[in-house]
Number of protein chains: 2
Amino acid sequence: MWSSLLGFFGVLLLRECSGADSDIELDARAQTTHRLDTLNLLLYTLLLILTVLTVWLFKHRRVSFLHETGLAVIYGLIVGAIIRYAGSSDPVLRMSVVSNDAKYNSSLPPDALSLHFPFKYHSKNKTYEYMFRGEIRDVRDNEIDFKATFDPEIFFNIILPPIIFHAGYSLKRKYFFRNLGAILTFAIIGTTVSSFVVGALMYGCVQLMPSHMANSITFLDTLYFGALISSTDPLTVLAIFSDLRVDVNLYALVFGESVLNDAVALVLSGSIQNYAEKYQSGTGTFETVAFFKAVWNFFAIFMLSLLIGAVMGMITALMTKFTRIRDFPLLESALFVLMSYSTFLIAEATELTGVVTVLFCGICQAHYTYNNLSDESRNRTKQMFELLNFLAENFIFSYIGVSMFTFPKHHFDVLFIVAGFTCAAIGRAVNIYPLSWLMNFWRSPKIPTNFQHMLFFAGLRGAMSFALAIRNTVSEARQAMLTTTSLIVIITVIIQGGSALNLLYWFKIPVGVDEEPDTRRNDGTVDWPNSPYDKAILARWWSSFDTNYMKPLLTHSRPTLLETLPVCCNGIARLLTTTEQMTQENANGNLGDSDSDICIVDNDTYQRDNSSSVTPSIQAISGHQV
Amino acid sequence: MWSSLLGFFGVLLLRECSGADSDIELDARAQTTHRLDTLNLLLYTLLLILTVLTVWLFKHRRVSFLHETGLAVIYGLIVGAIIRYAGSSDPVLRMSVVSNDAKYNSSLPPDALSLHFPFKYHSKNKTYEYMFRGEIRDVRDNEIDFKATFDPEIFFNIILPPIIFHAGYSLKRKYFFRNLGAILTFAIIGTTVSSFVVGALMYGCVQLMPSHMANSITFLDTLYFGALISSTDPLTVLAIFSDLRVDVNLYALVFGESVLNDAVALVLSGSIQNYAEKYQSGTGTFETVAFFKAVWNFFAIFMLSLLIGAVMGMITALMTKFTRIRDFPLLESALFVLMSYSTFLIAEATELTGVVTVLFCGICQAHYTYNNLSDESRNRTKQMFELLNFLAENFIFSYIGVSMFTFPKHHFDVLFIVAGFTCAAIGRAVNIYPLSWLMNFWRSPKIPTNFQHMLFFAGLRGAMSFALAIRNTVSEARQAMLTTTSLIVIITVIIQGGSALNLLYWFKIPVGVDEEPDTRRNDGTVDWPNSPYDKAILARWWSSFDTNYMKPLLTHSRPTLLETLPVCCNGIARLLTTTEQMTQENANGNLGDSDSDICIVDNDTYQRDNSSSVTPSIQAISGHQV
């Protein structure tokens, strides 16, 4: 039977590495391709950053013979020549022809096939290329349906990054830092506990189900489900909180926890996946070493992602502090966007979690860089990310709706769905109530019971849960998880989201609460409270360190490093203190309160045009939309 | 030799349509895939537009039980269900398995291959999927190099649209419309003449070259080269014009011509490609019918693209005029972006030219919709597209530089390059000088000789030329064209761009010219000249039609349709006139000068917050960056 085909085609095999023989290699190849794409993008992003900085330098020094596009071309030529002549010895991915009479003796499938059409039907021979796309695990399901579906990886590479960056960038930092202890407790301990509880309960439920389901689902599968369903997305609730001016601390708890638990759930599910793939490959037994490696993996990836995000944010802050790029707002905004995007790319290229990185980058950009930006750039970046966030968010929710019907790999299993809903609710309860009870022993102010109920009900599931569920749908178990997750997202967003208003009244949550009157007024005046807020220890330590060292280093705020560093460091301190910092009016000094939500607008030195009244309107937007 | 492979693999063939047997079908398939992707995106874009409008309606009517994400999910579910149950009878692209003992008897290669690994090396059989990628025309060149290169189509689908939209959106319309006749003459007649002259000259040059080159290049190839090299991109020159405040009419001529000739060159090259593919397939003889079909094709695509772009812009204007969506600037900006993007997608889905469509959409959005937007949205959209334009532009120029060394399909041919440079210069001269001479017979004010020289030297080549050249590199001829085009872009951008300042002084072009004092001042006051500018007939006719019918219909400007339409149409006119239009102060009436560059800021009705001073600062930016 093959001869009929063979009389027709010759198949040339294009392949990459030789002598490899496992699934891991295949995963590694997919990762290599992704890393290569990322490195390509990173290359161009860095080139653009270089161009922006040089253009600024040229404009600053009034050299005008070269436009930015000319510079971009020149840098491009230089980098292209380097890649061509220096880098060619070690290409990351290169495919070459294995001639069609060579025996193909690797268990790894080739990267590409080329199909040779002989003379018979055409005026000349033709060769067509086919690229490797992945394994078809379910051969029954061989029909490929393109209708209204996208590659799940676009969620992690295109849709989630602006959403998460915006969450970090628009964080109300004052209240976030005040409630830092509680937020971290809920987000890290709570999410982990919730993941394991849901995982264990689901595994128990599955064992009671008909045997075909029970046999196909491992504990790691349900644990993965536990992790993905533990991330929350209380968009609706926050919108209502904002409209009704709900208590700011409750707002901070709900928002802060939801932002961070996305990051935790993402890294956690990655570690579970890693553990499952690398150490258990089918045996199903518990391996202590592998388990601790997975735990280490979780912390390492989380902390490194946090670090890279924060460091890149700080580098941007230093760039904007020590250059006068704010004289050219367009260049400044471009630099800001490029630095933030390169943070994502660097994380992806180093196999960290890009989405987590941009979260912490966003927080740092808002906390430090934002203060150095020109009014125009503040306005532009805030508004742009707000719009991108709006579009990305609504796209993903539209997609959740459409894909419920069009995505070919749904698997409806009523028992599994019921179990999923129940366990998700229990997991949320296990996250909120015991931890609140524990924290209330030392926390002041305490988290009252009605706040706890509201925190429980604010546990809507959203974009992150869905993106994690649709990422992997190879087995029936995973397909059932996707279906359950989609339904949980849809139901919680519509029902819990829709009843949030009633719940607020039901739980007698105080509404119409004004923020403490320390935000910039619309008339441009600033009014600061002098009463110290009873902060948590962590918040207090951070606040003091931030005010004394970080802000003076990274922004133009007072006190300067000259005042806070010991005398022996005076030389360095002088180097790191700008004239703006020295000459600004002392009245602005107390703006340096580290956990303040508003930006330091240093009217004397920054105000460049008559558009300074832009600032209150941005504040109004960000306050309304967070 | 095949048996060794066959013992190892089973190749399943997945394919689409049957009984087709030509290259055209293959192109058609690629087009189908593109159209399908586009339709998918369009579907979600329309869903988001629907969501935005509904959310606005809900907010307007103070219905707050559903957040936008909830709505997005619900609409998604509805549309998903419709696609699933109604649309499945006629799937656009569906691939199914042809079992491996079926004879594959089509001359068309399959859409996908699946490669079957038997039990031998793995614990179970595995099947891998390979997607069709395209023909490998040059089998010698079978090494695939991923380094620092992207699919050329990303330029047309991702990089060019924001650049071209921004060009339209930031057009200084007053001077554009005043010089409309000259701009259209240069852009349409000039570009066409230039394309044919360059094509003919190049063909002549190639005939004098060594025979292998002469044989491989057809007249249509050189004509394609003529079209792509006739589009100009005078970024550097315009930046300098703007800095030095060069005569506004010269600025308008250079900018207007460059914007429109991109569109003309793109459509022209498409028609040439079409003519080459469909009617000549290798015979090389001139076919009168096919030629006129190509000419018709050119006009039809150009006019339809223009129409769709303009209509979508007008629909956006109507949407923003007759709803009070401007009360929610974020929704309004989102609607604006989504409508503009859907214009691109609609054009691509209907096989028109998306890039041309967004140009005219941008012009309409600026001319009509912009007047209806809230201050915040004006600010946000202007600044966002400015930033996107900056990033896209510099990305493409970086890429031109890098790809000079890394793109594997360059072909350096010194004679061809020299011929290319010479012909490109001659083509530019043929565009500018004879047409200026002709137009000066009736034009007032005339285009002086030094302006003509400057127009000639402002003919830098840029993004569009490069994108068109890299789109198709199958033959050696096309590769030589890519190399030549890249070099022309690089040299003109660096040398011509770099000497623009000197040329200005050399040609004694007046600099430091203020625009006529009818733009909005920074202090917010408006000062209008009463002296009529001697407009060209075309401009005068358009101006009057626009002021009397288009602006009253699409914006809140005076006079209203009640005043300009005949009495019999009073009913319709009343329906199309808003209260804002009726109640605004008459003092604003004379803002309705159709070719005015500035926006009508109707302070009484629109001003929603205290950020109205944003407007002058936007104007300053746009004036600086155009």
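**Helix packing, domains and confidence in a predicted complex**

Tutor: In this predicted model, helices α9(B) and α18(B) cross in a right-handed manner.

Student: Which residues make the contact between α9(B) and α18(B)?

Tutor: On α9(B) they are B:T236, B:V237, B:I240 and B:L244, and on α18(B) they are B:V493, B:G497, B:A500, B:L501 and B:L504. By class, this contact holds seven nonpolar, two polar and no charged residues.

Student: At what angle do α9(B) and α18(B) pack, and how far apart are their axes?

Tutor: The angle is about 25 degrees and the axes are 9 Å apart, with α9 covering residues 235-244 of chain B and α18 covering residues 476-506 of chain B. Angles under 35 degrees count as roughly parallel, so α9(B) and α18(B) are roughly parallel to each other.

Student: Staying in chain B, how do α11 and α13 pack?

Tutor: Helix α11 (residues 288-322) of chain B and helix α13 (residues 354-372) of chain B cross at roughly 25 degrees, and their axes come within 7 Å. These two helices, α11(B) and α13(B), are therefore roughly parallel to each other. Their crossing is right-handed. The contact of α11(B) with α13(B) comprises 14 nonpolar, nine polar and one charged residues.

Student: Turning to chain A, what is the crossing angle of α6 and α15?

Tutor: In chain A, helix α6 (residues 180-207) and helix α15 (residues 414-439) cross at roughly 145 degrees, and their axes come within 8 Å. The crossing of α6(A) with α15(A) is right-handed. Of the residues in that contact, 16 are nonpolar, six are polar and one is charged.

Student: Into which domains is chain A divided?

Tutor: Domain 1 of chain A takes in 2-81 + 98-135, domain 2 spans 178-506, and domain 3 spans 537-625.

Student: How many residues of domain 1 touch domain 2 in chain A?

Tutor: In chain A, 15 residues of domain 1 are in contact with 16 residues of domain 2. The domain 1 side of chain A that touches domain 2 consists of nine nonpolar, three polar and three charged residues.

Student: What about confidence; what is the mean pLDDT of chain A?

Tutor: The mean pLDDT of chain A is 76, and 73% of its residues reach 70 or more. In residues 139-146 of chain A the pLDDT is below 50, and this stretch has 12 contacts in the model beyond near neighbours in sequence. Residues 586-626 of chain A also have pLDDT under 50, with 95 contacts in the model beyond four places in sequence. Where pLDDT is low, the predicted coordinates should not be read in detail.

Student: And for the complex, what ipTM and pTM does the predictor give?

Tutor: The predictor gives the complex an ipTM of 0.81 and a pTM of 0.82.

Student: Backbone geometry next. Is the peptide bond from B:R558 to B:P559 cis or trans?

Tutor: That bond, from B:R558 to B:P559, is cis, with omega near -5 degrees. In chain B, B:P559 sits in the loop between α19 (537-554) and α20 (561-564). In chain A, a cis peptide bond joins A:R558 and A:P559, with omega about -5 degrees. The loop that holds A:P559 runs between α19 (537-554) and α20 (561-564) of chain A.

Student: Is the phi of A:E351 positive or negative?

Tutor: A:E351 has a positive phi of about 60 degrees, although it is not a glycine. Most residues other than glycine have a negative phi. A:E351 is located in the loop between α12 (329-349) and α13 (354-372) of chain A.

Definitions and conventions:
Residues are numbered from 1 along each chain as its sequence is written. Chains are lettered from A and ligands numbered from 1 in the order in which they are written. This is a predicted model: local features need pLDDT of at least 70, side-chain atom pairs count only at pLDDT 80 or more; totals for chains, interfaces and linings use all residues. Axes are lines fitted to C-alpha atoms, for helices over the stretch in contact, and angles run from 0 to 180 degrees between N-to-C directions. Helices (H or I, at least four residues) and strands (E, at least two) are DSSP runs, numbered from the N terminus. Angles under 35 degrees count as roughly parallel, over 145 as roughly antiparallel, 65 to 115 as roughly perpendicular and the rest as oblique. A crossing is left-handed if the near helix is turned anticlockwise from the far one by less than a right angle, and right-handed if clockwise. Two residues are in contact if their C-beta atoms, placed from the backbone, lie within 7 Å. Ala, Val, Leu, Ile, Met, Phe, Trp, Tyr, Cys and Pro count as nonpolar, Asp, Glu, Lys and Arg as charged, and the others, Gly among them, as polar. Domain bounds come from an automatic or database domain assignment. pLDDT is the predictor's confidence in each residue, from 0 to 100.
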